[in-house]
Amino acid sequence: ELYGGLVTIKGTDSVTLGEVADNVINISGTPTLTDAVLYGGYWKKTLNGTTTEGTGTGNTLNLYTSGLTANNIKCFQNINFYLPATIANGDSVLTLTDTAGTDISGVNVQAKVGSGSSLSAGDTITLLTNANGLTATGTTYGKGTVTKGVSIDYDLTCQASGTALTATLTGGNALKEQTKSFAETRAGAAAFLNSQGDMLSSTG
């Protein structure tokens, strides 16, 4: 088990428990996590025979790679997928195997792709999957942007369905605002030059 933050208290007296908050776990490269359970923040206290537990706040998992397998992830409030430019349609980032399934309810999910990506509109990446079940009640999804060439922006849209959390490239029909402004400026300049030519012809 890998914990970003962990507090365990046992006893018979009343205690004040500090929050397990703002822990960050970064994963990159090709680590072996097959049997690992990744925890963002977790606390448990047992006082006078009564046990209470919680997950803290602001705990974040950052993934900078793909092709990972782990047992499960728990107690994160934010999960960010920084996909490498080499990611391809149909690739999987994190496969989880816990037979109890995976719960990402209430988590804020974000996904981004590195520059130079070869992804095309309609391509889908599996960000996270657990064949034994995925619960995503109240999960929120940010919308990333992927730029193709120098002028077209695509949206990277995340959603959970069935046993998988995916990101799909959509859109791509609109020019970037900077490119549009450049094109509009060139068109305006051409119109101005044409009008000047017309004026010279009419006064010549």
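These are my notebook entries on a predicted protein model.

**Entry 1: ground rules**

I number residues from 1 along each chain as its sequence is written. Because the model is predicted, local features need pLDDT of at least 70 and side-chain atom pairs count only at pLDDT 80 or more, while totals for chains, interfaces and linings use all residues; side-chain values use heavy atoms, with hydrogens and water left out.

**Entry 2: the whole protein**

I looked up the confidence first, as pLDDT (the predictor's confidence in each residue, from 0 to 100). The average pLDDT is 81, and 74% of the residues score at least 70. Over residues 12-17 the pLDDT is below 50. That stretch still has 11 contacts in the model beyond near neighbours in sequence, a contact being heavy atoms within 4.5 Å.

Next I listed the secondary structure: one helix and 18 strands. Both are DSSP runs numbered from the N terminus, helices being H or I with at least four residues and strands being E with at least two.

Of the 204 residues, 36% are buried. Buried means under 20% relative accessible area, exposed means over 50%, and partly exposed is in between (1.4 Å probe, protein chains only). The protein exposes about 10,900 Å², and carbon and sulfur atoms supply 49% of this area. These areas come from the Shrake-Rupley method with a 1.4 Å probe, and for residues only the protein chains shown count as cover.

I also checked how far along the chain the contacts reach. Among contacts between residues at least 6 apart in sequence, 69% join residues at least 24 apart.

**Entry 3: a five-strand sheet**

In which order do the strands of the open sheet of five stand? I read the order as E3-E7-E9-E12-E15, with parallel pairing. Two strands pair if DSSP finds at least two bridges between them. The edges are strand E3 (24-27) and strand E15 (140-141); each has a single partner strand, so one side of each has no neighbour in the sheet.

Inside this sheet I looked at E7 (residues 60-63) and E9 (residues 78-83), which run parallel and are joined by four bridges. Thr60 has Asn78 in E9 as its bridge partner.

**Entry 4: an aromatic pair**

I searched for rings of Phe, Tyr and Trp (its six-membered ring) with centres within 6.5 Å; planes under 30 degrees apart count as stacked, over 60 as edge-to-face and the rest as tilted. The count is one aromatic pair. The ring centres of Tyr64 and Tyr82 are 4.8 Å apart and the planes are at 10°, so the pair is stacked. Tyr64 is in the loop between E7 and strand E8 (68-74) and Tyr82 is in strand E9, so the pair ties together parts 18 residues apart in sequence. Tyr64 is partly exposed at 38% relative accessibility, and Tyr82 is partly exposed at 29%.

**Entry 5: other strand pairs**

I followed E8 to strand E10 (residues 92-96), and the two pair in the parallel sense over three bridges. Leu68 stands opposite Leu94 in E10. E10 in turn runs parallel to E13, with four bridges between them. There Leu94 stands opposite Leu128 in E13.

For an antiparallel case I took strand E5 (residues 42-47) and strand E6 (residues 50-54), joined by five bridges. Trp43 stands opposite Gly54 in E6. The hairpin has two residues between the strands, and Asn48 takes a positive phi near 55°.

Ala36 is in strand E4 (residues 33-39) and counts as buried at 14% relative accessibility. Beyond four places in sequence, Ala36 touches Ala70, Asn71 and Asn72. I also noted that the C-alpha atoms of Ala36 and Asp98 are separated by 9.9 Å, although the residues are 62 apart along the chain.

Thr166 is in strand E18 (residues 164-175) and is buried at 15%. Its contacts beyond four places in sequence include Thr124, Ile125 and Cys158.

Where is Asp123 placed? Asp123 is in the loop between strand E12 (108-113) and strand E13 (124-130). Asp123 counts as buried, at 17% relative accessibility. The side chain of Asp123 reaches the backbone nitrogen of Ser120 at 2.8 Å. Leaving aside neighbours within four places in sequence, Asp123 is in contact with Asn89, Ala167, Thr168 and Leu169.

Notes
Polar contact = N/O pair within 3.5 Å; in protein donor to acceptor, adjacent residues only side chain to side chain.
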